[in-house]
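Here is a short report on one protein chain. Please keep the sequence and the 3D view open while you read.

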Amino acid sequence: MFYNRLNRRNLLAAAAMAALAGCAVVPKAPAPAPAPAPTQPEGDIPADTQHHRVALLVPTTGPNAGVGQSLANAANMALLDTGAKNLRITTYDTGTNPGEAARRALADGNKLILGPLLSDDIAAVAAIAKPAHVPLISFSNDEKAASKDVFIIGNLPGQSIARTVAYARGKGVTTFAALVPKGDYGERVSTSLLASVRGAGGTVVAMENYDRSAASISAAANRIKAKSGYGALLIADSGSLSAKAAVSYRAAGGGAGVRLLGTELWGGERELATSPALNGAWFSTVSDVRFAQFSKSYRARFGAAPFRIATLGYDSVLLTLRVARDWVPGKAFPAAEMLDPGGFLGVDGPFRFGKTGLIERALEVRAVEGGAVKVISAAPSGFTK
């Protein structure tokens with residue numbers, strides 16, 4: 001799910017996705033907006049040899065301010081919950097100039113950057129951070145931005161698709177079709193679907209593209225309904241647009257016997273359970289087992305529900321604290337410790353990073369059944385290889 005400037009326009013009108021990418025946007029905004037997080041002021045920070053300095057680069061102004069503030073709140077909540085005394089997190093606003101935010105962060109002596117949120121901001125921040133050997137843990141899901149210095153902690157659509165395809169193949173589905181949005185996210189979905197299906201011994205027999213609008217996705221659904229020879233149809237969009245596509249697809253008895261599939265963007269989407277046309281659909285995402293308690297604690301502290309993506313802020317701090325066990329204050333962040341093959345445990349379940357900087361998550365498969373969303377294949381409890 002990678003976050004870009006096109007998404008900034010879509011955020012308020014279609015903020016129902018769990019990740020950002022080309023046509024994708026961040027999760028639906030809770031109301032009221034979260035209270036400001038207790039952060040250090042921007043600017044010069046006194047010399048401090050007792051704490052690890054970590055910069056949190058998120059938008060706290062502009063159209064994505066609500067998401068950025070939710071991430072900042074969650075990061076501070078992690079410090080409070082763990083009672084960490086050796087970590088100092090300072091928030092820098094990327095809403096206007098992410099490069100300048102990175103410059104201030106480095107000038108203040110920060111040795112690790114948590115962020116940025118948007119994929120469009122990664123290049124500007126990395127251009128400042130890499131020469132100083134300061135790594136990034138970005139909340140984006142832009143796989144192309146990952147490197148040994150840029151870790152991507154956002155939920156990746158390719159992993160969700162691979163998990164769902166593997167489950168579907170195990171249930172006898174051999175042929176697949178897809179409705180894919182135009183743009184970066186759609187390209188990533190198309191590539192992932194083709195690779196996953198091929199690797200699982202299946203075939204993709206049809207694919208239709210559309211612009212991110214109700215009319216366009218409905219038209220694409222009608223076009224693909226006219227085709228045949230597939231047992232499952234992937235709809236790669238938010239719950240609301242996917243529901244509209246499903247209604248068009250199922251109209252007049254269309255798509256009989258075809259299993260509908262979704263992506264990680266369906267996680268936490270209420271429209272799924274309220275749309276009869278999506279009944280029986282499968283999708284994969286991170287586990288919600290720990291999210292309920294996280295949300296309850298967040299609401300108690302900040303007076304509002306968190307964005308679903310706020311867990312990334314929380315987990316990034318837990319990850320930093322784990323690595324900080326062998327981190328000397330003032331020294332370079334030991335990024336090699338991020339590559340522990342055993343991984344880490346966060347609110348969203350087990351995860352680990354590969355040498356390319358991409359995250360690998362343990363995902364569960366869910367089904368929309370009888371007006372509810374149920375887990376039909378639990379997420380692994382850890383990594384075995």
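Over residues 1-43, pLDDT stays under 50. The model has 164 contacts beyond four places in sequence for this stretch; contact means heavy atoms within 4.5 Å. pLDDT is the predictor's confidence in each residue, from 0 to 100. The protein chain has a mean pLDDT of 88, and 87% of its residues reach 70 or more.

This is a predicted model: local features need pLDDT of at least 70, side-chain atom pairs count only at pLDDT 80 or more, and totals for chains, interfaces and linings use all residues. Residues are numbered from 1 along each chain as its sequence is written, and side-chain values use heavy atoms, with hydrogens and water left out.

**The parallel sheet**

Five strands form an open sheet in the order 2-1-3-4-5, with parallel pairing. Helices (H or I, at least four residues) and strands (E, at least two) are DSSP runs, numbered from the N terminus. Two strands pair if DSSP finds at least two bridges between them. Strand 2 (87-93) and strand 5 (150-152) are the edge strands, and each pairs on one side only. Neighbouring strands of this sheet are turned by 20° against each other on average, direction ignored. Axes are lines fitted to C-alpha atoms, for helices over the stretch in contact, and angles run from 0 to 180 degrees between N-to-C directions.

Helix 4 (residues 119-129) lies across strand 1, strand 3, strand 4 (136-138) and strand 5. Its direction runs at about 165° to strand 4.

**Strand pairs**

| Strand pair | Sense | Bridges |
|---|---|---|
| Strand 1 (residues 52-58) and strand 3 (residues 112-114) | parallel | three |
| Strand 6 (residues 175-181) and strand 7 (residues 203-210) | parallel | seven |
| Strand 12 (residues 349-353) and strand 13 | antiparallel | three |

Individual bridges can be found in the 3D view. Alanine 55 has isoleucine 113 in strand 3 as its bridge partner. Phenylalanine 176 is bridged to valine 204 in strand 7. From strand 6 the chain crosses through helix 6 (residues 184-199) to strand 7, and this β-α-β crossover is right-handed. Right-handed means that, with the strands pointing away from the viewer, the path from the first strand over the helix to the second runs clockwise.

Arginine 352 has glutamate 360 in strand 13 as its bridge partner.

**Two buried loop residues**

Arginine 308 lies in the loop between helix 10 (291-302) and helix 11. Arginine 308 is buried, with a relative accessible area of 15%. Buried means under 20% relative accessible area, exposed over 50%, partly exposed in between (1.4 Å probe, protein chains only). A polar contact of 3.3 Å joins its side chain to that of threonine 311. Such a contact is a pair of N or O atoms within 3.5 Å; within protein, one must be able to donate a hydrogen and the other to accept it, and residues adjacent in sequence count only if both atoms are side-chain atoms.

Aspartate 348 sits in the loop between strand 11 and strand 12. Aspartate 348 is buried, with a relative accessible area of 2%. Not counting residues up to four places away in sequence, aspartate 348 touches several residues, among them Arg308, Thr311 and Arg361.
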